[in-house]
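Biologist: I would like to learn how to read this structure. Could you walk me through a few features?

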Amino acid sequence: MTDVLTRVRAAVRLIDAGTPSHRDRAVDALRALAILGVVLGHWLVTALVADTGGATHPALHTASPLQHMPWLAPISWVFQTLAVFFLVGGHVATRGYVSARARGTGYPQWLRARLSRLFKPVAAVLTLWTAAAVALLLTGADPGTVRTLVKLALSPMWFLLVFAVLTAATPLLTRLNPLWPLVVVLHVDLLRFGLGAPGWLGWLNLPAGWLVPYTLGAAWTRGELQRRRAGWLLLTGGAAATAALVAWAGYPASMVGVPGATVSNLDPPTLAAVTFGLAQCGLALLVRERLGRAMRRPLAWAAVALVNLSAMTIFLWHQTALMATTATGLLAGRLPGLHTLPDGLGWVAARLAWLPVFALALAVCWAAFRGFEQAGGRRRSLVVRSRRPGTAHTSGPRVDV
């Protein structure tokens, strides 16, 4: 045990010493918190209920504790952190693009390097779930169950597609004022909910809604959000607008989708989701200095660096970890918090107890598939540079996603 602790401490010191001094550790901390927020949020509000009914292959359908306990909606306020991810993504992408231009790197080369990091891990997910879906159907699994599992496994893909589109458009967005996409979202919602326009119009909010935090990230790069006043304005204004929309305009209180609900704040994004994201971005800007100080601690920084190095693997495989645990648990029958209806505090307590098991399953997925994420090539923009005796710094894994 002592030997293990000694090795961990040595690794922590190595990561800390190998981090370039110019690295903005607070940015990486915000990205890590955003990814972990999404993961924990999904694990807490996604239930796969088993309805055996005497069948050889139990059917599974999705449910959410927010259906049966709507007073738990504040959970979604804590763990729906996608706006922070887009804020950081916009900041890093615009800063990287400006830096690439200064080095003489062309747009195609820059974009190819950015997107390869996003999409190489996707190939592994698609391959495994294609094979799994075919195998389940051939063995007589309920088609509805297979559809449910595949939909959950591939649901993170929508985020990557939107993020990739915004990344590709970065040169056009470096000067775009966030008010413009915000105005688009406002008018789309007025047409949908106020004037009875077709529901498909709401999908215009998918790029427009996430453009708001992305272009805020570009404004951060330009130095327009450095003063704390900007953070407080976003936090208080976004929170007040969201509260008003929920209280008086009929928007759902939950910031994630709830099965069976007539309106989802996230699918596609509504004005309430966007204003809530503004509040989150404001909070992120206000705490970034404190996060930067916290990241001076080698252990805290090592944890954040490791999450960033595997950000896409964690994001793409966390739903698979949940489903693998659920499927394996069926061998022992319908287990509380895993296969039962999420309709009471007993389920919540049981689900909390399952979180370490989900994390263990995700660790197995990470060990098996992290190589796909690290196969995206080597670049000079690094979180950690490895040191070897007698040599200069050499390139290590990158984390700028």
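Biologist: Is Ser76 buried or exposed?

Modeller: First, a word on the source: this is a predicted model, where local features need pLDDT of at least 70, side-chain atom pairs count only at pLDDT 80 or more, and totals for chains, interfaces and linings use all residues. Residues are numbered from 1 along each chain as its sequence is written, and side-chain values use heavy atoms, with hydrogens and water left out. Buried means under 20% relative accessible area, exposed over 50%, and partly exposed in between (1.4 Å probe, protein chains only). Ser76 has a relative accessible area of 3%, so it is buried.

Biologist: Which residues does Ser76 touch?

Modeller: Contact means heavy atoms within 4.5 Å. Leaving aside residues up to four places away in sequence, Ser76 touches Ala253, Ser254, Met255 and Val256. Its side chain also reaches the backbone nitrogen of Met255 at 3.0 Å.

Biologist: Why is strand β1 described as largely enclosed by the rest of the structure?

Modeller: Strands (E, at least two residues) are DSSP runs, numbered from the N terminus. In β1, residues 47-51, four of the five residues are buried, so the rest of the structure largely encloses this strand.

Biologist: How many bridges join β1 to strand β2?

Modeller: Two strands pair if DSSP finds at least two bridges between them. Here five bridges join β1 to β2 (residues 59-63), and the two run antiparallel. Leu48 stands opposite Thr62 in β2.

Biologist: How many disulfides does a search of the whole structure find?

Modeller: A disulfide is a pair of cysteine sulfur atoms within 2.5 Å. The search finds zero. Cys281 is buried at 0% relative accessible area, and Cys365 counts as buried at 11%.

Notes
Polar contact = N/O pair within 3.5 Å; in protein donor to acceptor, adjacent residues only side chain to side chain.
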